[in-house]
Protein chains: 2
Amino acid sequence: MSSKEIPATHRSLIDASPIVILSTIGPTGAPQTTALWFAADDDGTIRVSLNTNRQKAKNLQANPNASLLFVDPANPYKTLEIRAIARVEPDPDYTFADVIGKKYDADLRKMDQPGESRIKVTFEPRKFLTFGS
Amino acid sequence: MSSKEIPATHRSLIDASPIVILSTIGPTGAPQTTALWFAADDDGTIRVSLNTNRQKAKNLQANPNASLLFVDPANPYKTLEIRAIARVEPDPDYTFADVIGKKYDADLRKMDQPGESRIKVTFEPRKFLTFGS
């Protein structure tokens with residue numbers, strides 16, 4: 001099932017899942033996949049905080065095409081995929097990183113090395129695909 | 001952490017996980033992500049059975065670059081990514097589909113429509129990336 005708006009049947013997966021699975025396109029054109037902390041808006045817009053040194057940050061700055069997957073923790077056959085375009089903004093003062101830190105009870109400053117910085121990535125949803133019920 | 005061979009610390013995720021998360025490159029060059037039944041070899045070679053009508057089957061026939069992710073069901077922060085090249089073989093008599101069916105106690109013939117067929121996709125691992133412990 002595919003739709004332009006977030007399907008009511010699968011909205012709860014975003015709230016139930018501790019992580020989002022992000023796929024990006026790497027420098028050779030091959031996909032790369034990783035699990036991340038995230039924040040979500042009601043319309044299915046997903047945001048993550050990335051250390052600028054990470055490969056996925058470089059991938060999204062070079063190619064904004066992304067796919068996000070949520071798997072129902074109670075049923076691995078129920079999934080929500082969000083195909084999205086990534087918008088990258090600098091977050092040098094950790095304003096958004098602290099939003100994520102608050103959600104996960106963590107201090108993202110402590111995860112970074114001197115000289116590293118943060119970006120806020122907003123995934124603007126283009127299409128929602130659901131599987132399972 | 002990155003290695004050419006499957007890391008002993010994360011081998012158990014393959015056995016523990018009911019699904020593999022597969023990322024492929026779609027027709028527009030954007031990534032697509034989906035959760036699938038799978039079979040695994042000891043060396044981290046993953047195999048899936050796909051209906052030839054599915055978009056992911058078409059994606060892999062056009063572009064064999066793939067990323068596979070396993071998330072520890074007991075700890076979503078422990079993951080294993082396998083970057084792989086897909087090798088596609090026809091499976092018109094459901095020989096491999098029945099291997100998957102046996103593992104999952106299902107009949108894959110019943111999931112297909114008349115005129116559809118099956119392929120066996122073997123993901124030859126190129127690199128293993130681990131996160132968490």
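These legends walk through several views of a predicted model with chains A and B.

**View 1. Chain A as a whole.**
Let us start with one chain, which holds three helices and eight strands. Read from the N terminus, the elements of chain A follow the order β-α-β-β-β-β-α-β-β-α-β. The C-alpha trace of chain A spans about 45 × 35 × 20 Å along its principal axes. Chain A has a radius of gyration of 15 Å, which agrees with the value near 14 Å that a compact globule of 133 residues would have. Buried residues account for 41% of the 133 residues in chain A. Among the contacts in chain A with a separation of 6 or more, 70% link residues 24 or more positions apart.

**View 2. Two copies and the axis that relates them.**
Here both chains come into the picture.

**View 3. Where chain A meets chain B.**
Chain A gives 22 residues to the contact, and chain B gives 22 residues. On the chain A side, strands E2 (20-25), E3 (31-36), E6 (65-72) and E7 (75-90) each supply at least two of the residues that touch chain B. What kinds of residues make up the side of chain A that touches chain B? They divide into eleven nonpolar, nine polar and two charged residues.

**View 4. A:Leu69, with contacts in both chains.**
A:Leu69 sits in strand E6 of chain A. This residue counts as buried because it has 27 C-beta neighbours inside 10 Å. Although A:Leu69 and A:Leu22 are 47 residues apart in sequence, their C-alpha atoms are 6.6 Å apart in space. Leaving aside neighbours within four places in sequence, A:Leu69 is in contact with A:Ile21, A:Thr79 and A:Glu81, and also with B:Ile21 and B:Thr33 of the other chain.

**View 5. Leu68 in the nonpolar core.**
The largest nonpolar core has 54 residues, and A:Leu68 and B:Leu68 touch the most other members. Not counting residues up to four places away in sequence, B:Leu68 touches B:Val20, B:Ile21, B:Leu22, B:Ile46, B:Glu81, B:Ile82, B:Ala84 and B:Phe123.

Strand E6 (residues 65-72) and strand E7 (residues 75-90) of chain B run antiparallel and are joined by eight bridges. With two residues between them, E6(B) and E7(B) form a hairpin. One pair to look for is B:Leu69 with its bridge partner B:Glu81 in E7(B). E7(B) also pairs in the antiparallel sense with strand E8 (residues 118-131) of chain B, over twelve bridges. There, B:Leu80 has B:Thr130 in E8(B) as its bridge partner.

**View 6. Two residues with positive phi.**
Most residues other than glycine have a negative phi. A:Asp105 is not a glycine, yet has a positive phi of about 55°. A:Asp105 lies in the loop between helix H3 (95-104) and strand E8 (118-131) of chain A. Is A:Asp105 buried or exposed? With 6 other C-beta atoms within 10 Å, A:Asp105 is exposed. B:Tyr94 is not a glycine either, and has a positive phi of about 65°. The place of B:Tyr94 is in the loop between E7 and helix H3 (95-104) of chain B. B:Tyr94 counts as partly exposed, with 18 C-beta neighbours inside 10 Å.

Terms used
Residues numbered from 1 in each chain as written. Chains lettered and ligands numbered in written order. Predicted model: local features only at pLDDT ≥ 70, side-chain atom pairs only at ≥ 80, totals over all residues. Contact = placed C-beta atoms within 7 Å. Helix = DSSP H or I, 4+ residues; strand = E, 2+ residues; numbered from the N terminus. Nonpolar A, V, L, I, M, F, W, Y, C, P; charged D, E, K, R; others polar. Core = buried A, V, L, I, M, F, W, Y, C linked by C-beta atoms within 7 Å. Buried ≥ 20, exposed ≤ 12 C-beta atoms within 10 Å, placed from the backbone. Rg over C-alpha atoms; globule rule 2.2 N^0.38 Å. Pairing = 2+ DSSP bridges.
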